[in-house]
Amino acid sequence: MATVTLKELKKSFGKTQVIHGIDLEVLDGEFIVIVGPSGCGKSTLLRMVAGLETVTDGEVQIGGERVNDSEPMERDIAMVFQNYALYPHMTVFDNMAYGLKIAGKPKAEIVERVHEAAKLLQLESYLKRRPRELSGGQRQRVAMGRAIVRKPSVFLFDEPLSNLDAKLRVQMRLEIKQLQRRLGVTSLYVTHDQVEAMTLADRMIVMNAGKADQIGAPLEVYANPQTQFVAGFIGSPPMNFLPSEMANDAPGGAKTLGIRPEHMRFARTGKEATVIYTEALGAETLVHVELKQGASATIRQNAAGPVPSEGAVVHLDWDAGDRLFFDSQGRRC
Ligand SMILES: Nc1ncnc2c1ncn2[C@@H]1O[C@H](COP(=O)(O)OP(=O)(O)OP(=O)(O)O)[C@@H](O)[C@H]1O
Ligand SMILES: [Mg+2]
């Protein structure tokens, strides 16, 4: 196990800078999720830790040692990719054993390690099968197995679940979390899925165009987003953004008022709005409204609450303590 430290880490491809100085201290055994929209630099950041991309400026340390110039093989990491690309002609056993064979481990040790990982991943009865004879979830587990048998100090995951259907993704998410807890291996996990980030992370790093907008525990980031970007990216449905004039007591410099859908409620008095459409999801209903000032918002009602019909004119209220304000640069104020 090991710590991972990034110091002012930067990356340019030619003249284009894509990572603009990232600082991060990953604790031993910690599960860090790197989350952000497509193209924000998540994979590039992970690949620099893996040694698959050169570092333009700054430093990557693993276990306190600078590794900028070491080869991926020397870094004691194992990576699980999105298209986990198992060898189709090899059995599950051979797929999992391959890395150890290349590393020249003795046969008895390879057999022991593969069986140990197979047991952990409930793949023992599939060891003789080929990848095409497995379900998507089982293949994903083999990809995990390949990483586990190496007993690395650090796991690096790049969107490992995005090829799976929604139900399987939830199941595998749980399995990865439990596995990581049991093994206690320091992990960096890249995803664009904020639910995955919320559920997996000890701490998450929310990336916005090559910068870390915020680093923190999931619920802390959810409750206290430092930028409008983070406020809008973490949470589904996203936070409502209204003109700050809708609050009579907005702080100086405020441009936008942010309120989460679960913090808005229907009331006798308050801001007038028209219901545009409603989405009944079973346990809750999302009510989409348009306010007078041309702003729109979504209200999350639990199943027990009253749901106005489409076209109805309603009044919205919220607690002053649930409001967030952002300036014209998108910073909290
Ligand atoms: N080899 C490369 N050469 C030039 N530009 C690159 C290269 N690799 C990535 N980029 C650019 O760097 C930026 C970050 O890419 P990166 O793959 O890290 O994004 P990402 O956050 O992983 O996105 P996604 O969620 O789509 O996988 C993008 O604008 C991308 O076009
Ligand atoms: Mg990527």
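In this predicted model, Thr-256 stands opposite Phe-326 of strand S17. The two strands involved, S12 (residues 254-259) and S17, run antiparallel and are joined by 4 bridges. They belong to an open sheet of 3 strands with antiparallel pairing, in the order S11-S12-S17. Strand S11 (240-243) and strand S17 (324-327) are the edge strands, each pairing on one side only. On average, neighbouring strands of this sheet are turned by 35° against each other, with direction ignored.

The domain assignment divides the protein chain into domain 1 (4-232) and domain 2 (237-327). Between the C-alpha centres of domain 1 and domain 2 the distance is 38 Å.

Strand S1 (residues 4-13) has antiparallel pairings with strand S2 (residues 16-26) and with strand S4 (residues 57-62). The table lists these pairings, each with one pair of opposite residues.

| Strand pair | Bridges | Opposite residues |
| S1 and S4 | 5 bridges | Lys-10 and Asp-57 |

The hairpin of S1 and S2 has 2 residues between the strands, and in this hairpin Gly-14 takes a positive phi near 60°.

The shell around ligand 1 includes Phe-13 and Val-18. By class, the shell around ligand 1 holds 7 polar residues, 3 nonpolar residues and 1 charged residue.

Met-96 is located in helix H2 (residues 92-102). Is Met-96 buried or exposed? Met-96 counts as buried because it has 30 C-beta neighbours inside 10 Å, and the cut-off for a buried residue is 20 or more. With neighbours within four places in sequence left aside, the contacts of Met-96 are Val-114, Ala-117, Val-142, Gly-145, Arg-146 and Val-149. Ile-110 lies 14 residues from Met-96 in sequence, and the C-alpha to C-alpha distance between Met-96 and Ile-110 is 9.2 Å.

Technical notes: Residues are numbered from 1 along each chain as its sequence is written. Chains are lettered from A and ligands numbered from 1 in the order in which they are written. This is a predicted model: local features need pLDDT of at least 70, side-chain atom pairs count only at pLDDT 80 or more; totals for chains, interfaces and linings use all residues. A residue is near a molecule or strand if its C-beta atom, placed from the backbone, lies within 6 Å of it. Ala, Val, Leu, Ile, Met, Phe, Trp, Tyr, Cys and Pro count as nonpolar, Asp, Glu, Lys and Arg as charged, and the others, Gly among them, as polar. Domain bounds come from an automatic or database domain assignment. Two strands pair if DSSP finds at least two bridges between them. A residue is buried if 20 or more other C-beta atoms lie within 10 Å of its own, exposed if 12 or fewer, and partly exposed in between; C-beta atoms are placed from the backbone. Two residues are in contact if their C-beta atoms, placed from the backbone, lie within 7 Å. Axes are lines fitted to C-alpha atoms, for helices over the stretch in contact, and angles run from 0 to 180 degrees between N-to-C directions.
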